[in-house]
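The sequence and the model are shown first, and the description follows.

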Amino acid sequence: MIIERAGGKDLPKNPIKGEQFKMIAKTMMGLEEVLAEELREMGAENIELLTRAVSFTGDMRLLYRANYSCRTALAILKPFAEFEANSTDELYDQVYRLPWEKILDVDGTFMIDSSCSGEIFTHSYYAALKTKDAIADRFRKMFGRRPSIDTENAEYKFNLHIADNHVTLLLNSSGESLHKRGYRQGVGVAPLNEVLAAGIIKLSGWKCDCHLMDPMCGSGTILIEAAMLANNIPAQYYRGDRFSFKRWKEFNLLDWKSVKEEENRKIGSLDFEYEIWGNDIDMTVLQQAEKNLEYAKLHHDVMLYHGSFVDQKPPEGRCIIITNPPYGERIKVDDLNNLYEQLGSTFKHLYGSDCQVWLITSDFEAMKHIGLKPSKKIALLNGSLDCRLLQFQLYEGSPKHTSDATD
Ligand SMILES: C[S@@+](CC[C@H](N)C(=O)[O-])C[C@H]1O[C@@H](n2cnc3c(N)ncnc32)[C@H](O)[C@@H]1O
């Protein structure tokens, strides 16, 4: 069969063993640097920080490793085509000319996620639709039939990224988002995204070298991510083998198994000798935390307490406190302001100078009621919620603040 080709770029060949290629790791706003550090430790090269993403180079083994072990990545993408398009018709033509049959099976399934910025392409859904049509039309012309769309469980997940007239097509090697670790058996009212929880722990500078406590732990996301870190358990240890790259034509089972074994061999290699404690006022969410911990076989590593944080002293010695208080969707404003006031007072009177507190919230009004001056403020996004991660360095007689914590 002759492949019609009138412009656009051919796809790069499947990488041969050890060949380096470019990858993009997607993350959440504010976690780019910690993700870059994780990738650097895994041997990634040519690392560049992007917006909510990090680009890097490496081989297929690094693609497997980043998927399996990166705690702060949402997905690992492999760019495979770049071109310019100044209209949706041009986008259709360029996409049509790419030899999709080298990637996709005619009987396979695919889906397209899209993001557009600039003035040419203003509707990302429409751009994705045009792209899908071009792929389907090419297959229909060549084979008389086409791969199907599957928005739930597609074999091939493509990302279409358009900035002005610059179009990039990427293959999502992860499939389902990497925040879905597989340990969650029960979900609290407002569980923290696992990638965000891991990112906050890394931003706090916790190096498994002191105790860690979450006084409002809910379903235990921060505690589980901390315990996984302390035990050197790969981020996707509980996920099973649900990765899109396993369905790729170029997938190498032996390499994947050996990367996994290398990563699993590190489990328990840190001599962690500190306490990880959680506390919550709500018994139902605590039971969910317990279920999650039991599933992850981390229930012996984490102590859970029931009650208000006002009565929960941290473990003796140096302790990092990381917490995610309610933001107020279900709580009256007065009660919430009062809760944040109690938090400030607890930090000041119950926690000693050995404690450093990190608190993430999107409630900028309630935040002012903590009454302590944060020593650091980091902007983060939790889904679409604009959040601040505040650090409170405690010392005897912590001063009352005068300025707005959201400054
Ligand atoms: C936003 S949720 C935390 C979610 C948690 N990070 C997770 O991933 O599941 C806030 C938690 O604060 C708890 N909470 C509210 N008031 C409390 C109090 N006075 N003492 C302890 N916990 C409290 C709630 O029960 C809820 O589980």
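In this predicted model, His211 has Cys319 of strand S12 as its bridge partner. That bridge belongs to the pairing of strand S9 (residues 211-214) with S12, which is parallel and runs over three bridges. As a general rule, the strands of a sheet pair through backbone hydrogen bonds, in either the parallel or the antiparallel sense.

How many of the five residues of strand S12 (residues 319-323) are buried? Five of the five are, so the strand is largely enclosed by the rest of the structure. In a regular strand the side chains alternate between the two faces of the sheet. For S12 both faces are covered, with Cys319, Ile321 and Thr323 buried on one side and Ile320 and Ile322 buried on the other.

Another part of the model holds an open sheet of eight strands, whose order is S2-S3-S1-S4-S8-S7-S5-S6 and whose pairing is mixed. Strand S2 (45-50) and strand S6 (148-149) stand at the edges with a single partner strand each, so one side of each has no neighbour in the sheet. Within this sheet, strand S1 (residues 21-26) and strand S4 (residues 75-84) are paired in the antiparallel sense over three bridges, and Ala25 has Ile76 of S4 as its bridge partner.

| Strands | Sense | Bridges |
|---|---|---|
| S1 and S4 | antiparallel | three bridges |
| S9 and S12 | parallel | three bridges |

Helix H1 (residues 32-41) lies across S1, S2 and strand S3 (53-58), and runs at about 170° to S2. Helix H4 (residues 124-143) packs on the sheet too, where it touches strand S5 (109-117), S6 and strand S7 (156-163), and its direction makes about 140° with that of S5.

H4 also packs with helix H3 (residues 88-97), at an angle of about 35° and with the two axes 8 Å apart, and the crossing of H3 and H4 is right-handed. On the H3 side the contact is made by Thr88, Leu91, Tyr92, Val95 and Tyr96, while the residues they meet in H4 include Tyr126, Ala127, Lys130 and Thr131. By class, the residues of this contact divide into eight nonpolar, two polar and four charged. The buried residues of H3 are Leu91, Gln94, Val95, Tyr96 and Arg97, and their cover includes S4, H4 and strand S8 (166-172).

The model also contains a ligand, and of the 21 residues around the ligand, Met216, Gly218, Ser219, Thr221 and Asp282 come nearest. Helix H6 (221-230) and strand S10 (276-280) each supply at least two residues of this shell, which by class has twelve nonpolar, seven polar and two charged residues.

A last stop is Ile233, in the loop between H6 and helix H7 (253-264). Ile233 and Arg247, by comparison, are 14 residues apart in sequence and 25 Å apart in space, C-alpha to C-alpha.

Conventions:
Residues are numbered from 1 along each chain as its sequence is written. This is a predicted model: local features need pLDDT of at least 70, side-chain atom pairs count only at pLDDT 80 or more; totals for chains, interfaces and linings use all residues. A residue is near a molecule or strand if its C-beta atom, placed from the backbone, lies within 6 Å of it. Helices (H or I, at least four residues) and strands (E, at least two) are DSSP runs, numbered from the N terminus. Ala, Val, Leu, Ile, Met, Phe, Trp, Tyr, Cys and Pro count as nonpolar, Asp, Glu, Lys and Arg as charged, and the others, Gly among them, as polar. Two strands pair if DSSP finds at least two bridges between them. Two residues are in contact if their C-beta atoms, placed from the backbone, lie within 7 Å. Axes are lines fitted to C-alpha atoms, for helices over the stretch in contact, and angles run from 0 to 180 degrees between N-to-C directions. A crossing is left-handed if the near helix is turned anticlockwise from the far one by less than a right angle, and right-handed if clockwise. A residue is buried if 20 or more other C-beta atoms lie within 10 Å of its own, exposed if 12 or fewer, and partly exposed in between; C-beta atoms are placed from the backbone.
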